[in-house]
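Morning, everyone. I've got one structure to walk you through today, so let me put it up on the screen.

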Amino acid sequence: MAQWYQLQQLDSKFLEQVHQLYDDSFPMEIRQYLAQWLENQDWEHAANNVSFATVLFHDLLSQLDDQFSRFLIENNFLLQHNIRKSKRNLQDNFQEDPIQMAMIICSCLKEERKILSSAQLSNQMEVGSIQNTVIGMLDKQKELDAEVKGVKNHVIDVEQDIKTLEDMQDEYDFKCKTLQNREHESNSTSQEEYKKEQMHLNKMFLSLDLKRKEVVNKIVQLLNATEHTQTALINEELVEWKRRQQTACIGGPPNACLDQLQNWFTIVAESLQQVRQQLKKLEELEQKFTYDPDPITKNKQVLQDRTHSLFKQLIQSSFVVERQPCMPTHPQRPLVLKTGVQFTVKLRLLVKLQELNYNLKVKVLFDKDVSEKNSVKGFRKFNILGTSTKVMNMEESTNGSLAAEFRHLQLKEQKNAGSRTNEGPLIVTEELHSLSFETQLCQPGLVIDLETTSLPIVVISNVSQLPSGWASILWFNMLSTDPKNLSFFLNPPYAKWSKLSEVLSWQFSSVTKRGLNADQLSMLGEKLLGPTSGGSHDCLIPWTRFCKENINDKNFPFWLWIEGILELIKKHLLCLWNDGCIMGFISKEKERTLLKDQRPGTFLLRFSESSKEGAITFTWVEGSQIEPQFHSVEPYTKKELSAVTFPDIIRNYKVMAAENIPENPLRFLYPDIPKDNAFGKYYSRPKEAPEPMDLDSPKGNGYIKTELISVSEVHPSRLQSPENLLPMSPEEFDEVSRMVDPAEIDTVMCSAYSS
């Protein structure tokens, strides 16, 4: 239970990120019950193999049955109920699609590892400039924390002053009534004694008036301090959190949790609620005794209005989208929603007051008050299906926050009479929409309407539109902070390469353990900007160049090429990419520069620039008396890599020329790593089997075992040529077989496999 145990030891800000990984599709309780078993399975392989995914799905159900039996022995009725419910949900959701379950679990485990890495990095951020940054942030937090505590203490001081004022007023009132009673009693009080008591009352009145002025002034100072602190919370801390959320949505560093902000917001809200009660108390004192000019009478309305205004502003600002809309099937592509597919979204009120629990009913609306519906030609309209209202409560969230999570929403396009035309200025994936959320806070003498909106979303109707939709989400959140700017793509701004290169690196680091290094980004910069730019950070890139125009002489745009490579890495090359074996993005010219001074047989791996779907190739160098010769094999796509793993292709690759014995030219991964050292741990392990010709073995099926290998055939005169090194077709292999003794081929193949 190593990984799950480590996660539970993290600080609350990292635990909050773990909480956000799990929902009804795969609940955290299953992660808890089956932690060790889940971590021991190969979910990445299951996510790409339906047979293996099916086996693991049924194994998971069996594990849940075992857990149920343990709860049965313990006579724990509630946990029995929960685990039976979880099992039914898994069967309903994944019985027909076990690969989807494997993908979700694989993604959750991977995200957990990233959170652990972030936590470890956070613990190490105590040196150099990073240390200074952290210290600066901590100093800022300490300063704000002190201000919030100052507001809280100020309220306590005012409370004590009001109690003192009340005691003074009661004493003054008692003295006045006592003196009045004596005045009506004949000869009970001498004139001189009466005057003394009257003078004493006058002094008491002056002290009372002074205390009232002091209390009113302290409340004014308290509201000034509250406003200053509240402004910092709303205009700085909350704005920074929302910006970090945007960054996290597009693959950037994980967003810090809201617990600290919630703590500050709640303390300020509680303080303002106490000020409201204190003002009511002053009003009661005024009703019992007033005079002209009474500081309470003069200032109470202004103070009440200001307190109400501050509380209203704080409450309205505290209503946020904690987790942006996202399809559980694509957790790393939030804000792109497909019609007919369920998505989730989570709301949170940062003011955590017990009296608000189960008192705020949230309603979700689509494209509310969006002017583009009428101003942009061809703009699509959608209906929300599913439960569109939810009551905010503290019980559903594992951290006790006041939240509402919509888990079963879907979108359905409104069909107009006649078909949609393509005459509008925006294509489907450039059309931005939004979800709005409304609720109302009602308290005695207080009604506040709350509303918040999601970041802009892209709605697609076919999964093939997902890459282009994600490009729109990247571009918007990279360049805009206004969630209501839904006309963004009518005139999309240019992006600086310095910013775009960072976002591109995030696309790799968010799904793997490695981002892009400076050399890889330089190559991509030249591809986008041209070789003369040198990947300058100040160069500007238009939206059309990034996502719409065909790149160079190819028939596909830059982003779709990157997306194809990302998919290839995720499904077939993840381990090699994480280990740094793949140089990936390198021009042919730079490739030859690196290889020309290396030993013969040195090779490197790079991505093909001519494949939209993503492909990888290798280039090696051979010695020559004149100059080094370079050879590149035809790129391998997902089709070939689905049949044979890339490490096995590298291990078994052969070059064959007429009358020559086939040999593997790949010896050292650039710069000088022996091939087997680099890839050996990923080679397929041969299974124990009978001798090839032992057909009488009881376990034999009558067939000789075969294995797929890659072979390139060239004419002897062109062996040193970098052109036309292609995998052999069946016809070419037949031709080689006629020229080379089959026994020699068998001997070479057997020796290759036995190694």
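Let's start at threonine 602, which counts as buried because its relative accessibility is 0%; buried means under 20% relative accessible area, with exposed over 50% and partly exposed in between, using a 1.4 Å probe and protein chains only. Before I go on: this is a predicted model, where local features need pLDDT of at least 70 and side-chain atom pairs count only at pLDDT 80 or more, while totals for chains, interfaces and linings use all residues. Residues are numbered from 1 along each chain as its sequence is written, and side-chain values use heavy atoms, with hydrogens and water left out.

Back to threonine 602, then. You'll find threonine 602 in strand S14, residues 602–607; helices (H or I, at least four residues) and strands (E, at least two) are DSSP runs numbered from the N terminus. What does threonine 602 touch, not counting residues up to four places away in sequence? The list is Leu595, Thr619, Trp620, Val621, Phe668, Tyr670 and Pro671, where a contact is heavy atoms within 4.5 Å. Also, a polar atom of the threonine 602 side chain sits 2.7 Å from the backbone oxygen of arginine 599.

Among the buried ones are Trp470, Trp475 and Phe476. H15, residues 497–509, has 13 residues and reaches 18 Å, close to the 18 Å expected. Its buried residues include Trp497, Trp506 and Phe508.

On to the cores. A nonpolar core is a set of buried Ala, Val, Leu, Ile, Met, Phe, Trp, Tyr and Cys residues joined through side-chain atoms within 4.5 Å. The largest one has 152 residues, and Trp559, Phe585, Phe618 and Phe646 touch the most other members. Helix H10, residues 191–249, gives this core its largest share, 14 residues. There's a second, separate core of 35 residues, including Tyr22 and Leu116. As for Phe646, its contacts include Leu573, Ile616, Phe618 and Tyr636, leaving out residues up to four places away in sequence.

Last, the whole protein: 24 helices and 20 strands, with buried residues making up 44% of the 755.

How values were computed. A polar contact is a pair of N or O atoms within 3.5 Å; within protein, one must be able to donate a hydrogen and the other to accept it, and residues adjacent in sequence count only if both atoms are side-chain atoms. The expected span of a helix is 1.5 Å times one less than its number of residues.
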